[in-house]
Amino acid sequence: MRPLLLLFIVMPILEMWVLISVGQKIGALPTIGLVLLTAVVGLALLRRQGLSTVMRAQQKMQAGEMPAREMAEGIFLAVGGALLLTPGFITDAIGFACLIPGIRHLFLGKLLSHVVVVRTGPYGQGNGPGQEPGRSHDVIEGDYEREDRNDPDQKR
């Protein structure tokens, strides 16, 4: 909780400091123009990368595979897009890092190396706890009545 709170306090201060420093060097209007330009370029890149990721996810689902990597990429793209819409150069740099495929795949590789994906349901056979490899999670539904043989009031 504390690192997140610290991030929400420190990040805006750093952003203001960088914006003021850049504004002093190149002027206020060019600084505002740069912020707007990074937002427009970032959104265009987000749109292109997002469509590509969605298409790959659909292909994997049609092939019966789980699109785990594409789902993680989608989260990175959403975070990157939100950071690019936030005014500031630091958030723009982090946002572009989330949108550039090579850097994003590097981050995803490190992140997904710590994640275990268990495939169950329509995307594959699960190997979860207590399940034999290659066995599916079939559910059999039904009704039942309890029949006590020691109950003299019960009719047979």
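This is a predicted model: local features need pLDDT of at least 70, side-chain atom pairs count only at pLDDT 80 or more; totals for chains, interfaces and linings use all residues.
1. Helices here are DSSP runs of H or I with at least four residues, strands are runs of E with at least two, and both are numbered from the N terminus.

2. Residues are numbered from 1 along each chain as its sequence is written, and side-chain values use heavy atoms, with hydrogens and water left out.

3. Now the overall layout. The chain has five helices and zero strands, giving the pattern α-α-α-α-α along the sequence. Of its 156 residues, 22% count as buried; buried means under 20% relative accessible area, exposed means over 50%, and partly exposed lies in between, using a 1.4 Å probe and protein chains only. Among contacts with a separation of 6 or more, 53% join residues 24 or more positions apart, where a contact means heavy atoms within 4.5 Å.

4. Helix α1 covers residues 2-26, and its 25 residues should span 36 Å at 1.5 Å a residue; the end C-alpha atoms are 36 Å apart, so the two values agree. The expected span is 1.5 Å times one less than the number of residues. Met11, Glu15 and Val18 are the buried residues of α1, and what covers them includes α4 (89-99). In a helix of this kind, there are 3.6 residues a turn, so residues three or four places apart point the same way.

5. Helix α2 (residues 28-62) has 35 residues and reaches 51 Å from its first C-alpha to its last, close to the expected 51 Å. Its buried residues are Thr31, Val35, Thr38, Ala39, Gly42, Gln49, Gly50, Thr53 and Ala57. What do the buried residues of α2 pack against? They pack against α1, α3, α4 and α5.

6. Two packed helices are described by the angle between their axes and the distance between the axes. The axes are lines fitted to C-alpha atoms, for helices over the stretch in contact, and angles run from 0 to 180 degrees between N-to-C directions. Take α2 and α4, which pack at an angle of about 20° with their axes 10 Å apart. That makes α2 roughly parallel to α4; angles under 35 degrees count as roughly parallel, over 145 as roughly antiparallel, 65 to 115 as roughly perpendicular, and the rest as oblique. The α2/α4 crossing is left-handed, meaning that the near helix is turned anticlockwise from the far one by less than a right angle, while clockwise would be right-handed. Thr31, Leu34, Val35, Thr38, Val41, Gly42, Leu45, Leu46 and Gln49 in α2 meet Phe89, Asp92, Phe96 and Leu99 in α4. By class, the contact has eight nonpolar, four polar and one charged residues; Ala, Val, Leu, Ile, Met, Phe, Trp, Tyr, Cys and Pro count as nonpolar, Asp, Glu, Lys and Arg as charged, and the others, Gly among them, as polar.

7. Next come α3 and α4, whose axes come within 8 Å and cross at roughly 155°. These two helices are therefore roughly antiparallel to each other, and α3 passes α4 in a left-handed crossing. The α3 side of the contact is Phe76, Leu77, Gly80, Leu83 and Leu84, and the α4 side is Thr91, Asp92, Ile94, Gly95, Phe96, Cys98 and Leu99. The residues of this contact divide into eight nonpolar, three polar and one charged.

8. Helix α3 (residues 68-85) also packs with helix α5 (residues 101-112), at an angle of about 120° and with axes 11 Å apart. That makes α3 oblique to α5, and the crossing is right-handed. Arg69, Ala72, Glu73, Phe76 and Leu77 of α3 make the contact with Arg104, His105, Phe107, Leu108, Gly109, Leu111 and Leu112 of α5. The classes are seven nonpolar, two polar and three charged.

9. Finally, two single residues. Is glycine 88 buried or exposed? Glycine 88 sits in the loop between α3 and α4 and counts as buried, because its relative accessibility is 0%. Not counting residues up to four places away in sequence, glycine 88 touches Glu15, Leu19 and Val35. Isoleucine 75, in helix α3, is exposed, with a relative accessible area of 56%.
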